[in-house]
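Here is a short tour for anyone who likes to check geometry by eye. Have your viewer ready and follow along.

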Amino acid sequence: MKRLVLALLLFVAGCGSVPFRETPAVPTVQKSAAELAAGLWTKGRDTLLLRQSALFELRGMKVPLDGIMKLDPVRKTARLVGMNDLGVKLYDISVDREKTTPHSIIPDLAKYPGFADAVGTSVRRIFLSPEPLPSDRLKTGSDSYELTRSEGDKMLRFLLGGPEAQLLEKSSKGGGESWRVRYYQYERLQGIPVPTGIVLDDSEAGYRLTLWIESVEKTDE
């Protein structure tokens with residue numbers, strides 16, 4: 001049923017569009033780059049367990065997925081387990097700031113070259129790195145904050161806004177990269193402002209990941 005709902009959402013939205021609501025615009029107030037960087041929902045100290053549905057699109061392949069991800073915001077690590085409707089594990093992948101480690105992938109997915117790297121890279125960009133830094137250049141608009149910095153040949157850009165000045169978009173261009181992550185529909189889950197809709201587009205590698213976050217739990221495991 002979950003996959004049917006997901007497919008219908010995408011059908012209604014149309015190919016290439018986004019099935020989420022934009023974050024309401026709120027007038028900005030005076031904030032420093034350090035305050036903005038420190039206020040992100042991924043800056044907490046609690047390890048989180050996220051249940052999510054996703055649609056991964058790569059080179060004509062469309063894979064609807066259900067998954068559970070353990071996110072450690074202090075160590076900047078994540079472990080993602082994908083399952084089908086019957087609860088059968090499809091893949092088990094660990095990610096940190098530097099590398100992706102596949103623990104297991106079923107043969108039907110392993111036959112697609114770059115599947116594990118694409119999933120790991122997506123998780124890293126969405127949840128782990130890069131992140132805004134206190135040293136970023138800040139430009140404050142009427143209803144948004146833009147932070148930018150250069151890293152080698154890459155230009156990183158972060159756009160924040162909404163009622164709690166959360167991350168709305170981040171992107172990287174240059175150095176062989178061209179990708180953008182957009183965050184939608186922030187809701188307070190476990191007291192944390194979590195984006196319940198996320199879209200990552202990588203125009204260089206040619207894939208899109210659309211993510212629905214369904215629940216968040218704090219865990220000590």
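Ser172 has Trp179, in β10, as its bridge partner. This pair belongs to strand β9 (residues 166-174) and strand β10 (residues 177-189), which are antiparallel and joined by six bridges. Strands count as paired here if DSSP finds at least two bridges between them; helices (H or I, at least four residues) and strands (E, at least two) are DSSP runs, numbered from the N terminus. Two residues sit between β9 and β10 in their hairpin, where Gly175 adopts a positive phi near 65°.

β10 also pairs with strand β11 (residues 192-202), again antiparallel, over 10 bridges. Within that pairing, Tyr183 is bridged to Ile198 in β11. The β10 and β11 hairpin has two residues between its strands, and Gln190 in the turn shows a positive phi of about 55°.

## How to read the model

This is a predicted model, in which local features need pLDDT of at least 70 and side-chain atom pairs count only at pLDDT 80 or more, while totals for chains, interfaces and linings use all residues. Residues are numbered from 1 along each chain as its sequence is written, and side-chain values use heavy atoms, with hydrogens and water left out.

## Nonpolar cores

A nonpolar core is a set of buried Ala, Val, Leu, Ile, Met, Phe, Trp, Tyr and Cys residues joined through side-chain atoms within 4.5 Å. Buried means under 20% relative accessible area, exposed over 50%, and partly exposed in between (1.4 Å probe, protein chains only). The largest such core has 49 residues, of which Leu50, Phe56, Tyr91 and Phe127 touch the most other members. Helix α4 (residues 115-128) is its top contributor, giving eight residues. Apart from this core lies another of five residues, including Phe20, Leu55, Tyr184 and Trp212.

Contact means heavy atoms within 4.5 Å. Setting aside residues up to four places away in sequence, Phe127 touches Trp41, Thr42, Leu50, Gln52, Met69, Leu71, Ile198, Leu211 and Ile213.

## A buried glycine

Where is Gly82 placed? Gly82 lies in strand β3 (residues 77-83), and Gly82 is buried, with a relative accessible area of 0%. Beyond its neighbours within four places in sequence, Gly82 contacts Asp66, Gly67, Val88, Lys89, Leu90 and Tyr91. Gly82 and Ile105 are 23 residues apart in sequence, with their C-alpha atoms 9.3 Å apart in space.

## Aromatic pairs

Six aromatic pairs turn up in a search of the whole structure. Rings of Phe, Tyr and Trp (its six-membered ring) pair if their centres lie within 6.5 Å; planes under 30 degrees apart count as stacked, over 60 as edge-to-face and the rest as tilted. Phe56, Tyr91, Phe115 and Tyr207 are linked into a cluster by ring pairs.
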